[in-house]
There are 4 protein chains.
Amino acid sequence: MLNVTVWNENRHEQKNPKVREVYPEGIHGAIASFLKEEAFQVKTATLDEHEHGLSDEVLNGTDVLIWWGHMAHEDVRDEIVEKVKQRVLDGMGLIVLHSGHFSKIFKTLMGTSCDLKWREADEKERIWIVDPSHPIVEGLGEYIELEKEEMYGEHFDIPAPDQLVTVSWFEGGEVFRSGCTYTRGHGKIFYFRPGHETYPTYFHKDVQRIIMNAVKWAKPAERKKMVYGNALALEEIKGSH
Amino acid sequence: MLNVTVWNENRHEQKNPKVREVYPEGIHGAIASFLKEEAFQVKTATLDEHEHGLSDEVLNGTDVLIWWGHMAHEDVRDEIVEKVKQRVLDGMGLIVLHSGHFSKIFKTLMGTSCDLKWREADEKERIWIVDPSHPIVEGLGEYIELEKEEMYGEHFDIPAPDQLVTVSWFEGGEVFRSGCTYTRGHGKIFYFRPGHETYPTYFHKDVQRIIMNAVKWAKPAERKKMVYGNALALEEIKGSH
Amino acid sequence: MLNVTVWNENRHEQKNPKVREVYPEGIHGAIASFLKEEAFQVKTATLDEHEHGLSDEVLNGTDVLIWWGHMAHEDVRDEIVEKVKQRVLDGMGLIVLHSGHFSKIFKTLMGTSCDLKWREADEKERIWIVDPSHPIVEGLGEYIELEKEEMYGEHFDIPAPDQLVTVSWFEGGEVFRSGCTYTRGHGKIFYFRPGHETYPTYFHKDVQRIIMNAVKWAKPAERKKMVYGNALALEEIKGSH
Amino acid sequence: MLNVTVWNENRHEQKNPKVREVYPEGIHGAIASFLKEEAFQVKTATLDEHEHGLSDEVLNGTDVLIWWGHMAHEDVRDEIVEKVKQRVLDGMGLIVLHSGHFSKIFKTLMGTSCDLKWREADEKERIWIVDPSHPIVEGLGEYIELEKEEMYGEHFDIPAPDQLVTVSWFEGGEVFRSGCTYTRGHGKIFYFRPGHETYPTYFHKDVQRIIMNAVKWAKPAERKKMVYGNALALEEIKGSH
């Protein structure tokens, strides 16, 4: 059974009654809730817990980590980010949601600024599927329509995705590469755009489906560790020829 | 100096006065005209010429071939398509425009149906640049806006592009991967979406700039031919160790 | 349960006693045998059967098709190739083995010559894993060593793979991109190099593991069909805004 | 005219007479020398200069930066690395050579460990060209043979390259993705493997050709800056519709 940890900054929920109304159990609670129905083993962790809720024990027991953050990226301690990065390179899956594009963990894995355009205007978004063969969009139609969302627009300063799965259309005239996969080390990474804190996006069945699919896709492959460093001497190799 | 051949079906121009009005010298004439200003050596060729204007002599003297077709894809003879394909695999660049997505040459090089959604509705298109480092979009701003164009929408049934350079937004709610590069054999291929025959798209300075950049990008690399087939015997190789 | 059809040309087995000795039940029999242990539903089909064993009924009931061919590529009828291609574009997985690189079905899906270098010299091959996160190499070590194989060497005239999973080293001095994934339409394709008919390669546990993993990876995603062609009129869309 | 800065750690040359013998003017001197013949404007910079020779003035005047480092990666100051990274994201080309795979600048742009296998054994390397259409390998044959080099072997822990240009074969049984391109922000990056300090690799004409080609390929595209952050309000956009 897959072990999923849903990490949420959980600050908007404390400060903004509107967000609390949309997500009474927090964004992490909403995400954990539908993941549990899929028979994953689900934990949550938040910024203000000890070690941000991401102790070695939690991280080592996590197959796939989901990350939502926005207003407090700078409060995430560098040594925790470093540990999460190591776990990803060792094989833990990572799903970065929405404003997590600016999180330390995403930026350090991408190597770019991860900057973008944005606008808060209750705007319609259509998430078009451009790679229908991808397991992350299994079971979906041609697009997902969200009546109101924050706009994110190109240029999105990311490395070219290994696989571009969805592209979003916005009412105001922008497009956005909204579903992108990457591999870093042994770890699989999926960035998925939607989920502004004031909209009930994570209650949308198709959004949930994509996140559930992504968890399955991102699970670590079972394998021996690669061997790095000084290799066998050529003589030994030649001897074994 | 680069030798460019602009191939056009040239049928709409004969049958539709509206198209003739927009492109009095044909779509090929309009494209050839701005390419000449860039100091390329430019020829044109059309469907109803002998061998569709693509004799061995013409093809062998062409560094980059530009292709516009729409209503008469089936009239292009298979043996000419096969010769064009061979030239691409041998290194000739190929720029496929707009409705050329359904041409025999593009489909045989892609291996997919190349199907898509379309709508003729005088719709606004914004061509967003998603890879600003690419030489094909050198000198441009963030996007190109075309007041009226035909809509092409996803899913566009193509192989994942080697490089996705632009993504188009349409007023009606669709997105489209509108600038895509591929390599097939030694040949570089660029598909570029805009250019419906009833709009003056190929007079737009930024559209012209992209096509000019693409010609430079697609030019053949000078190199020896690769060697295929039965390789040197291992003994010969071991002897030379 | 996944339905797998193993297609084999099955000519070497008839003509060459050495091959018959290595594969008494044919290459298709050997592959079907280990796939059955993995609880797949496995059929075989061969060139000399009616419709090459690939009737509509068989193809429509196949989730993943495995293809081995070599000396008789030209005997495969074009209309069967076309039907297989359609099924791949509609979602059927395709695993092309070894000399299948020159099969009509692989060449038409790739759009290139698929040519390469080769040498028959009882040569050592090491298949190095370059993407350890990929599900196709789950459970394996750093490389697979085959004591004796035919050499295939670069340049391999294929489109750049969507994912490069393995690279082979050969004793005589060549390298080869030996494990390559592609998507065409809704179908997932995996090319895997080893398997010359005179060596017992398909009895090697790690080779079997890769083929079994590839079958799981290539299985069709369940989804609605994409809609192509004339889209809703803009007025209808605007009305629904 | 292109402005190229060749950065070298320049420590082996000080400490190891053997290296000094091979590269009497330093590795940077050898590289600068053949680049000058190509009519580039060439500067050199080394670790022990003020600001490692990479002042704002130097960096801002550099179109393409070449990087060789090995034993003193940790001595490169983080704030200089950060400035180089910003310049790459803003469009400066970066060519990372050999042991530069472990440099701070490469690791921070890649997001992975960049680890690999190595062996010093006077081993033969063959650098096979797998993308013959790429401008970086223009003018070359099928492979480059280096009689003696250090071995680097897979698994090389890098993100999947945007373009894989060359793959190396080593006598001892390893392969290596030895020529890899990436884009980060507006900057083009090329990693090229050969160049151990005790071998005269940078005097090899074909190695020089690849580095010269790479400089041209990596030159910044002229363009306006992308705009990030809060976009125009939807009302303004709607007003302009």
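The model is predicted, and local features were considered only at pLDDT of at least 70 and side-chain atom pairs only at pLDDT 80 or more, whereas totals for chains, interfaces and linings use all residues; side-chain values rest on heavy atoms, with hydrogens and water left out. Residues are numbered from 1 along each chain as its sequence is written, and chains are lettered from A and ligands numbered from 1 in the order in which they are written. For the complex, the predictor gives an ipTM of 0.95 and a pTM of 0.96.

Between chain B and chain C, 39 residues of chain B and 39 residues of chain C are in contact, where contact means heavy atoms within 4.5 Å. The area buried between these two chains is about 2,900 Å², with carbon and sulfur atoms giving 57% of that area; buried area is the accessible area (1.4 Å probe) that two parts lose on being put together, summed over both. Twelve residue pairs (both at pLDDT 80 or more) are in polar contact between chain B and chain C, a polar contact being a pair of N or O atoms within 3.5 Å in which, within protein, one must be able to donate a hydrogen and the other to accept it, and for which residues adjacent in sequence count only if both atoms are side-chain atoms. The elements of chain B that each supply at least two residues of the side touching chain C are α5 (78–89), α6 (104–110), β5 (117–129), β8 (175–184), β10 (229–230) and α8 (234–239), helices (H or I, at least four residues) and strands (E, at least two) being DSSP runs numbered from the N terminus. The largest share, five residues, comes from β5(B). By class, this side of chain B divides into 17 nonpolar, eleven polar and eleven charged residues, with Ala, Val, Leu, Ile, Met, Phe, Trp, Tyr, Cys and Pro counted as nonpolar, Asp, Glu, Lys and Arg as charged, and the others, Gly among them, as polar.

Strand β5(B) is also joined by two bridges to β10 (residues 229–230) of chain C, and these strands run parallel; strands pair if DSSP finds at least two bridges between them. Within this pairing, Gly229(C) in β10(C) is the bridge partner of Lys117(B).

The contact between chain C and chain A takes 26 residues from each of these chains, and the area buried there is about 2,300 Å², of which 48% is given by carbon and sulfur atoms. In chain C, Pro132(C), Ser133(C) and Arg223(C) lose the most area to chain A, together 25% of what that side buries. The count of residue pairs in polar contact between chain C and chain A (both at pLDDT 80 or more) is 16. The side of chain C that touches chain A has nine nonpolar, nine polar and eight charged residues.

Turning to the backbone, the peptide bond from Glu154(A) to His155(A) is cis, with omega near 10°, and His155(A) lies in the loop between β6 (143–153) and β7 (163–170) of chain A. In chain C, the peptide bond from Glu154(C) to His155(C) is likewise cis, with omega near 10°.
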